[in-house]
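Here are my notes on the model you sent. Please read them with the structure open.

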Amino acid sequence: MFKQARFITHGRWQRILVAAICIALASQVNFQTYTPGFILAFSPLIMPIFLYYNGDLNPIELMLAIAFASPIFRGIQLFITHDGSRYQITMLILAEIAFYLCYGAIYYLLYWRRGQRTNSSFFS
């Protein structure tokens with residue numbers, strides 16, 4: 001009755017949205033070390049886990065969703081806590097967007113494009 005003519009199905013978009021929100025919330029768990037603005041976050045550790053268990057999700061699509069969702073949470077947090085000026089908040093958000101886009105591109109090039117993805121190739 002209904003044809004599914006779209007490349008990305010409705011269910012995949014929901015999984016991408018849920019993963020992006022979970023990873024964006026995990027990015028709020030962080031440790032500030034070395035210099036102000038350098039943040040060690042929990043999200044880079046759980047991103048590959050989401051991608052590993054959802055092998056049909058394209059990392060580029062997921063990273064674009066995370067690059068959109070995570071700065072919203074970070075910006076709200078920094079704005080509410082008054083932790084810096086608007087310029088500093090904008091620079092931190094742009095750095096976070098760049099990180100997720102680069103991380104997604106590297107993950108895509110090093111792992112996802114492989115023809116055969118196995119457990120041993122995932123961790124190497």
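**Notes on the fold and one aromatic cluster**

1. Burial first. This is a predicted model. Of the 124 residues in the protein, 31% are buried.

2. Secondary structure. The protein has 5 helices and 2 strands. Their order from the N terminus is α-β-β-α-α-α-α.

3. Contacts and surface. Among contacts with a separation of 6 or more, 66% join residues 24 or more positions apart.

4. Aromatic pairs. How many aromatic pairs does the structure hold? There are 2.

5. The stacked pair. F99 also pairs with Y103. Here the centres lie 5.6 Å apart and the planes are at 20 degrees, so this pair is stacked. Both residues belong to helix 4 (residues 86-112). They sit 4 residues apart, about one turn of the helix.

6. The cluster as a whole. F99, Y100 and Y103 make up one aromatic cluster. Which of these residues is buried? Y100 is, because its relative accessible area of 2% falls under the 20% cut-off. F99 is partly exposed at 36%. Y103 is partly exposed too, with a relative accessible area of 22%.

Notes
Residues are numbered from 1 along each chain as its sequence is written. This is a predicted model: local features need pLDDT of at least 70, side-chain atom pairs count only at pLDDT 80 or more; totals for chains, interfaces and linings use all residues. Side-chain values use heavy atoms; hydrogens and water are left out. Buried means under 20% relative accessible area, exposed over 50%, partly exposed in between (1.4 Å probe, protein chains only). Contact means heavy atoms within 4.5 Å. Rings of Phe, Tyr and Trp (its six-membered ring) pair if their centres lie within 6.5 Å; planes under 30 degrees apart count as stacked, over 60 as edge-to-face and the rest as tilted.
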